[in-house]
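Student: I would like to learn how to read salt bridges and helix contacts in a model. Please take me through them one at a time.

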Amino acid sequence: PITSNRGNCYVIIFYVADGNYIKSYPIKSRHRSQLVKAYSEFYSYLRVRGYRPQLHKLDNETSHDVETFIAEQQAKVQYTPADMHRTNIAERALRTWKCHFTATRAGTPSSFRMANWCKMTEQCDITLNMMRPCTTNPLLSAFEAMEGMYSFDATPMAPVGTEMLMHLKPIRRGTWDYHAIKAWYFAPALNHYRVVKGVLESGATRLTDTWKFSHHALPIPSISSTDRIVKATQNLTSVIQGANPSQPDELAAIEQLRAILLNSTPLPSRNESPPAVPTSEPVHIEPQNVSEPIIQQPTQSQSFEAEPNKPCANAPAPVLIPPDDDEPIAAGYNLRSRTRNIINAQIDPSIIPPTNVLRGAHKYTRGFAAANHALQVYQLARSMHDRNSLPENFANAILDEETGRSLEFRQLIKLDKYRDIWMHSFANELGRLAQGIRDIEGTDTIDFIPFSDVPQNETVTYGRIVCMFRPQKSEPNRCRLTVGGNLLVALYDVSTPTADLTTAKLLFNSVISTPGARFLTFDLKNFYLKTPLPTARYMRMQLDILPEEIIDKYNLRAIAHKGWIYIRIKRGMYGLPEAGILANKLLKERLSKSGYYECQYTPGLYKHVWRPIMFSLVVDDFGVKCQGIQHAKHLKTALEQHYEVSVDWKGKLFCGVTLDWNYEMGHVDLHVPGYVSRKLVKYQHPTPKTPQHSPYQAAPIVYGAKVQTPVPSDKTDLLSDDQVKRIQDIVGSFIWYGRACDPTLAAALSALGSRQAKATTAVQQAAHQLLDYLATHPNSAIRYHASDMILAFDTDASYLSEIGGKSRAAAYYYMTQKGNREFNNGAIDILSTVIKHVMSSASEAETGALYYGCKRALPYRVTLEEMGHPQHDPTPVTTDNNTAHGLTMGTMSSKASKSNDMRFQWLKCRKTQRLFQFLWARGKDNRADYPSKHHPSSHHQKMRPSVVIDKVLPP
């Protein structure tokens with residue numbers, strides 16, 4: 001009945017049957033232009049969220065233009081019978097929305113003008129659909145099925161029409177104007193963080209992130225005079241009876257009266273500062289007179305251009321303040337400002353190399369963090385400036401089938417049996433990066449340019465040729481040209497969020513535990529090569545290592561400069577510091593248009609706003625869980641609009657791990673066939689004559705000893721640098737393998753890793769024993785069974801079991817069934833680490849293991865929540881130590897160790913929050929006992945079948 005201040009007189013209601021979702025659009029009139037505009041906006045709204053209407057039901061009163069628009073959307077039109085409007089389900093939706101809107105309007109204050117009714121429809125749609133269940137999935141609300149989970153923390157909400165004071169920014173007010181203006185709240189700003197929308201008295205709409213509500217019907221609580229008298233009486237009574245309770249700060253008069261009754265000095269008021277504590281030698285530190293260099297910050301449309309590199313002859317070494325400096329600081333003096341000034345004083349701006357990157361979105365803009373980051377950039381620039389020459393092109397190793405020797409690209413092209421194969425592969429890679437070769441289409445990622453086209457002050461890096469054998473690819477012999485990113489500097493955070501192995505394992509468990517779910521994998525080709533760079537980068541390569549067909553096609557001899565070919569990089573490329581984050585951001589932007597989003601707390605985990613599909617993203621590999629093949633095809637179609645996608649519908653390989661799915665029996669096996677065999681050939685390690693069943697030497701058992709003695713220190717000879725690198729290579733190679741499919745290696749790899757920096761002959765013997773163990777058990781696998789997706793884990797510790805008087809903490813994480821302690825499932829993660837502090841007792845070590853294990857379990861709980869497996873009950877945590885269990889449960893109290901006190905107080909706090917439930921079980925039933933210490937061979941043979949299975953590979 002009231003025309004809004006925007007001229008709207010009608011409301012058109014749309015009803016989505018699949019989601020049970022009601023959407024309203026205010027319109028100015030029933031003219032065909034207004035109707036077509038509303039229909040166009042609504043169809044666009046549905047397309048973004050993955051809906052494509054197939055049937056559109058209408059009343060008989062319609063427009064020919066609307067019919068034409070619906071026909072263009074390839075939707076079928078169906079009209080209601082004459083005088084039978086109730087057959088259109090939207091009629092009931094219209095009635096529901098009208099009642100909800102009327103109730104919302106009734107809650108507005110009298111000062112809220114009804115001319116603003118068209119602004120109320122936005123929040124009415126949100127709140128109404130929050131109370132309606134989704135048709136296809138009743139466990140979700142209609143709003144969550146269409147828009148995703150609503151975060152009241154990120155987008156606060158209040159009753160429509162609530163009076164508010166909206167803060168005015170300095171740019172919007174005069175010098176002597178008020179800092180706030182009266183407004184009325186009407187909706188949350190969904191595309192902002194903690195921002196609301198308000199309407200002013202003039203009818204204008206404003207957004208604000210600073211406000212104060214003043215509800216018209218709910219009074220603000222305050223302390224009345226009666227409350228003060230009652231409180232004063234209670235305090236006087238407590239004083240007479242000898243009690244000494246804490247007093248509220250606002251009752252200053254009561255404090256003075258209490259002080260008079262006790263004949264003591266009155267307590268200081270709020271405005272009085274406490275007296276200074278005298279010291280024996282008062283020291284006053286004068287701030288250093290150091291001026292900060294003025295750094296001009298370029299705008300968004302400008303790039304940072306540094307001066308040409310100049311050597312800094314007398315640049316002093318940076319001076320840092322020790323973090324544990326006990327020097328007293330004068331009151332009111334900012335130590336962080338002092339440190340920042342000292343750091344900035346040591347930086348010579350002329351030596352920082354040009355970066356040619358936008359700094360508008362740079363996270364380090366001011367303060368201590370900016371100074372610390374600038375120092376790191378400066379030190380890197382100094383190391384780059386001192387280089388006399390660029391490193392040669394180098395490559396990853398390929399094993400010779402005859403000798404087992406590692407071969408790099410330069411060695412491969414010198415051998416007749418390998419030269420043609422790898423030159424052809426390298427030509428394919430260069431053609432793919434450039435403008436094509438033969439039938440291979442180019443991606444226009446690089447240009448071959450003359451030396452004169454390289455900017456004078458630009459850093460020119462080197463090319464790194466990586467050779468690898470990928471049997472699962474269409475081109476098994478693969479060459480990859482990567483950029484020497486260690487010489488390039490990016491002045492912003494270039495870390496890319498990606499899923500880790502534990503997230504993938506939780507996803508595997510979710511697939512096998514969800515009825516009807518299936519797992520498949522997608523792979524994007526040339527993922528990094530499709531992303532434009534904000535500014536070009538440059539590198540060079542020697543002409544004599546390039547294939548002849550590339551030299552002839554691009555006429556490279558004509559532009560060679562002193563035997564070097566210079567290359568301009570225009571798009572994302574492997575090795576560039578910013579390539580990963582740029583490609584990832586572009587992928588997110590493209591997926592969001594189809595309704596996919598990254599979970600808030602788990603990196604690399606993506607879901608759809610309403611479809612039962614989620615996937616784990618590791619660089620360009622998608623591990624997809626879906627309930628219905630049509631949802632997987634929807635994701636594939638969304639990706640194929642921008643990328644070339646290869647699909648493994650059986651999901652046999654993800655992150656290098658082979659998956660053997662058995663949906664009928666409800667289990668999946670994870671293993672990496674051939675990995676151990678290839679590494680043994682690389683390290684030239686023969687198969688042991690006697691099988692080795694222990695990966696690490698166990699400590700000898702001393703019978704009759706009343707006191708546990710530490711492991712003796714290692715006094716054997718130190719190894720050479722080459723031998724140390726070999727030890728580090730072995731540890732690095734099998735850490736991933738152990739996490740992927742062989743948890744029995746956890747304790748051995750942790751012990752070797754803690755000793756590899758100063759490796760000795762004893763460490764070399766331990767590495768040899770580890771290789772013997774792997775040669776004896778080369779095909780380990782983890783088996784996951786269908787479960788209730790409830791996280792559980794056991795913790796244990798071994799006291800004084802490591803060199804240096806250190807102890808070891810361990811935890812075994814797995815998915816279990818509710819109330820079934822005996823359920824045996826494969827480990828999603830194994831914690832086996834040396835506790836860095838020296839433990840004073842075995843009970844303290846056990847409490848420390850509980851602390852380590854619970855801290856690591858918290859992100860897993862969050863990931864399971866985001867995967868759709870809420871942890872309603874506290875996570876069961878099992879320990880075999882009575883003291884640790886008693887401390888956490890409150891039946892014992894600690895009186896000696898402060899570190900122990902800190903740990904169990906943290907555990908008790910998490911127990912009170914109902915995050916963990918601490919249980920006790922015997923040591924032989926504790927799953928974490930196995931990775932907590934080094935066992936003899938007999939114990940490994942007994943426990944190994946319960947941890948892993950040995951796969952029998954086909955010949």
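Student: What joins the side chains of Lys 588 and Glu 598?

Tutor: A salt bridge is a side-chain nitrogen of Lys or Arg within 4 Å of a carboxyl oxygen of Asp or Glu. Here Lys 588 and Glu 598 meet in one, with an N to O distance of 2.6 Å. Because Lys 588 lies in helix H14 (residues 579-592) and Glu 598 in strand S18 (residues 596-598), the pair ties together parts that are 10 residues apart in sequence. Helices (H or I, at least four residues) and strands (E, at least two) are DSSP runs, numbered from the N terminus.

Student: What kind of model is this, and how are residues numbered?

Tutor: It is a predicted model, in which local features need pLDDT of at least 70 and side-chain atom pairs count only at pLDDT 80 or more, while totals for chains, interfaces and linings use all residues. Residues are numbered from 1 along each chain as its sequence is written, and side-chain values use heavy atoms, with hydrogens and water left out.

Student: How many salt bridges does the structure hold?

Tutor: There are 31 salt bridges. One of them pairs Glu 429 with Arg 480 at 2.8 Å, N to O.

Tutor: Buried means under 20% relative accessible area, exposed over 50%, and partly exposed in between (1.4 Å probe, protein chains only).

Student: Which residue forms a salt bridge with Arg 856?

Tutor: The partner of Arg 856 is Asp 829, the closest N and O atoms being 2.9 Å apart. Arg 856 is in helix H20 (residues 842-867) and Asp 829 in strand S29 (residues 827-834), 27 residues apart. Arg 856 counts as partly exposed because its relative accessibility is 30%, whereas Asp 829, at 5%, counts as buried.

Student: How is a pair of packed helices described?

Tutor: By the angle between their axes and the distance between the axes. Axes are lines fitted to C-alpha atoms, for helices over the stretch in contact, and angles run from 0 to 180 degrees between N-to-C directions. The axes of H12 (residues 501-513) and H17 (residues 721-741) come within 10 Å and cross at roughly 20°. That makes H12 roughly parallel to H17 (under 35 degrees; over 145 is roughly antiparallel, 65 to 115 roughly perpendicular, the rest oblique).

Student: Which residues make the contact of H12 with H17?

Tutor: Leu 501, Thr 502 and Lys 505 of H12 and Trp 736, Arg 739 and Ala 740 of H17, contact meaning heavy atoms within 4.5 Å.
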